[in-house]
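Have the viewer open and follow along.

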Amino acid sequence: MINLADALLAFVLLSVLLSLSSNRMMGLVNIMTLQGIVVSLVPLFLEHHQDIETSSLLMLQIMLLVKGMLIPGMLYMAIKKVSMRREVEPIIGYHASLFAGLVMIIASAFITDRLHLNLPGNHALLMITAITTLAAGLFLMMARRKAITQVIGYLMMENGIYLIGTALAKETHTMYVVEFGVLLDLLVGIMVMGIVINNISRTFDDVDTSHLAQLKD
Amino acid sequence: MLELVFLIPIFTGIMAAFLPAKLGRGILVISALLHLQMTVLGWMQIAKPSMDKYFSATPEGLLVLLVTSVVFLLISIYSVGYMQESETPKEPLFLGCMLFFLATMSMVALSDHIIVLWVAVEATTLVSAPLIFLHRTKEALEATWKYVLICSVGIALALLGSFFITLSMDLGGVHVPLRFSSLIEVAAQLDPIWLKAGFIFIVIGYGTKMGLAPMHTWLPDAHSEAPSPASALLSGALLNCAFLGIYKAHSLLYAANLGSYSSNILIIFGLISMVIAAIFIVNQTGYKRMLAYSSIENMGIIAFGIGIGGIATYGAFLHLIHHSLIKSSLFLSTGNILLGYGSKLINKTGNMARLLPKTFIAYFAGFAGISGFPPFGIFISELLIIFGAFKSGRHVSIIIFILCLAVIFAGGARIVMRMSFKEHDGEILVKEKMLRLFPSYALLLTSGVLCIWMPDSLYQTIISAISTIGGGING
């Protein structure tokens, strides 16, 4: 079972690297869909989350539904509606981003090592993956020009935080009402961002956030 | 059933969003009255939270709730007048979002559970975004985008901080519900390192929302682009709610004997905010932006006062109340100015003393109040904070604090003088109306009265709110 969890985590890491180097919008959304599904599956295979109750199973399904279907669906719709040009338009190039991703992995391995965490089940890889995903999400938000890539960066960051949450919290502290609230917020957040993106594209005929630099002091 | 305080606005908000705008305006004011009534019931401890796993009526929460409720009532009256005279697209949506905004803010004020608090703060971002985007201009769009993105990222970091606090529970071997009130009781057993890390992330996260520099970048844009009732609400109510999250985390650290650590962080962030506000206020070109930077300054003062401790915490809570009252009044006045001159630029205004005399009085008095002149309460609160800082011997901080106050006053006064007395040869587009003046005056009057006469229950509530972090009127 441990191996399966590690395999999933390795998959998440790969998806992070892929998303940093991907130059097509649709490809990026596909990668994020996969990442969302894998991330929501991870708790299922963790040792300290073994005793699965009905409620947690329900939670898992809702998680899968939101991360795997609703959010990607909304992203697809946003891309289609604004019929944007397909490229991602990086501020920092693909190769540099990929390299930054690798540096992030090494840095998070270093941080995890230094933290001397008593991680439940000793999943060092879980913490490494979580920190890398979080950092790469932030990086993506800053290093890409399109509004929709920033939303994707935000999603990736949320994935990372969710992983940290599962890495750190024992089963006793995860309250499903609360997780549900978090998910709902995330969902509504993406919806609001989607509406804003839509309006950006209508106003500027593009989703380039470099247009959004009128307000300054 | 104190939960009604946010359930009522949710319900009426849905109604307002689907009913015609004229009906919606009535609903807005009526729900504000109902909200105030529920809040007063909560103060008299007649209404108690029934879902006490997630919500509780703490003194600091009740304080923020009352301020929010009073400010919202007056803003809603103003909104009715404002909506009649400015052309607003999708007005039902605006009214609905105003009520949702009230609901989520009340939820923040009452929530005790760490994650419920997080959910509520994130929800305030999402329901207030449409308010900023009301006028659908390019600038409004940019402000909304910045607001949603920066605040969401900030709040995500606050969630990370909350997870770290959970971890400190696990490492400390504590098994209590994830609530501030139960955590404070066992604070000494929590793992200190993760508690500290959690506090930093929570300050960064909720500090983004509160407008502490250097995470404040969304604030001037959102405050200047939102329609004036929404700006007043953002500045007068939302910032307090975000502060509440930081305050609760601070009292947790204080209970865990890490008070000096969290105090220092708050002092540093407070001073940075004041310095940044002082730098940007001097050459400001927009009068709403100027007020936005003043909000950053005042949030800095509150954080500073809480960090200093002792009598300064009392000052900080007084400052919170008076800042909400005066700043809301100022933003409501800018609504009249904007309607009158049709521009947000200071250059396009002038001679307000003759052209908009009643607005001028409210605006000028508000500016005097926010700069710390008596008879407005900020005079007392800033004085108490300075006393507290002297008592605890933080001389460098006091010098920076007073210097910033002076620079901000000088920069602001230049702008206000220019707007009030400079020659202006344009026409006034929309005349002043009583409905749009009375709320500003009422807010200023409340601040003035509170400066001279403080009701005993308010005083007791502030005292019991600050006693959890060792503050007091004598300390």
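This is a predicted model: local features need pLDDT of at least 70, side-chain atom pairs count only at pLDDT 80 or more; totals for chains, interfaces and linings use all residues.

Let's begin with helix H5 of chain B, residues 114-132. From first C-alpha to last, its 19 residues reach 28 Å, close to the 27 Å expected at 1.5 Å a residue. H5(B) is also mostly covered, with 18 of its 19 residues buried.

Next, a helix pair. Helix H13 (residues 311-341) and helix H19 (residues 456-466), both of chain B, have axes that come within 10 Å and cross at roughly 125°. That angle makes H13(B) oblique to H19(B), and the crossing is right-handed. Who makes the contact? On the H13(B) side you'll find B:Thr313, B:Tyr314, B:Phe317, B:Leu318 and B:Ile321, while H19(B) brings in B:Tyr459, B:Ile462, B:Ile463, B:Ala465 and B:Ile466. Sorted by class, that's nine nonpolar residues, one polar and no charged ones. As background, an α-helix has 3.6 residues a turn, so residues three or four places apart point the same way.

Now zoom in on B:Ile370, which lies in helix H15 (residues 357-370) of chain B. Is B:Ile370 buried or exposed? Its relative accessibility is 7%, so B:Ile370 counts as buried, the cut-off being under 20%. Setting aside neighbours within four places in sequence, B:Ile370 is in contact with B:Ser294, B:Asn298, B:His323, B:Ile326, B:Lys327, B:Leu330, B:Ile378 and B:Glu382. B:Ser440 is 70 residues away from B:Ile370 along the chain, and their C-alpha atoms are separated by 14 Å.

On to the backbone. Most residues other than glycine have a negative phi, and most peptide bonds are trans.

| Cis peptide bond | Omega |
|---|---|
| B:Ala213 to B:Pro214 | about 0° |
| B:Pro374 to B:Pro375 | near 10° |

Where do these prolines sit? B:Pro214 lies in the loop between helix H8 (192-210) and helix H9 (218-225) of chain B, and B:Pro375 is in the loop between H15 and helix H16 (378-391) of chain B.

Then there are positive phi values in asparagines. B:Asn257 has phi near 65° and is found in the loop between helix H10 (228-255) and helix H11 (259-282) of chain B. With 68% relative accessibility, B:Asn257 counts as exposed. B:Asn351 has a positive phi of about 50° and belongs to the loop between H13 and helix H14 (352-355) of chain B. B:Asn351 is buried, its relative accessible area being 11%.

Note on methods: Residues are numbered from 1 along each chain as its sequence is written. Chains are lettered from A and ligands numbered from 1 in the order in which they are written. Side-chain values use heavy atoms; hydrogens and water are left out. Helices (H or I, at least four residues) and strands (E, at least two) are DSSP runs, numbered from the N terminus. The expected span of a helix is 1.5 Å times one less than its number of residues. Buried means under 20% relative accessible area, exposed over 50%, partly exposed in between (1.4 Å probe, protein chains only). Axes are lines fitted to C-alpha atoms, for helices over the stretch in contact, and angles run from 0 to 180 degrees between N-to-C directions. Angles under 35 degrees count as roughly parallel, over 145 as roughly antiparallel, 65 to 115 as roughly perpendicular and the rest as oblique. A crossing is left-handed if the near helix is turned anticlockwise from the far one by less than a right angle, and right-handed if clockwise. Contact means heavy atoms within 4.5 Å. Ala, Val, Leu, Ile, Met, Phe, Trp, Tyr, Cys and Pro count as nonpolar, Asp, Glu, Lys and Arg as charged, and the others, Gly among them, as polar.
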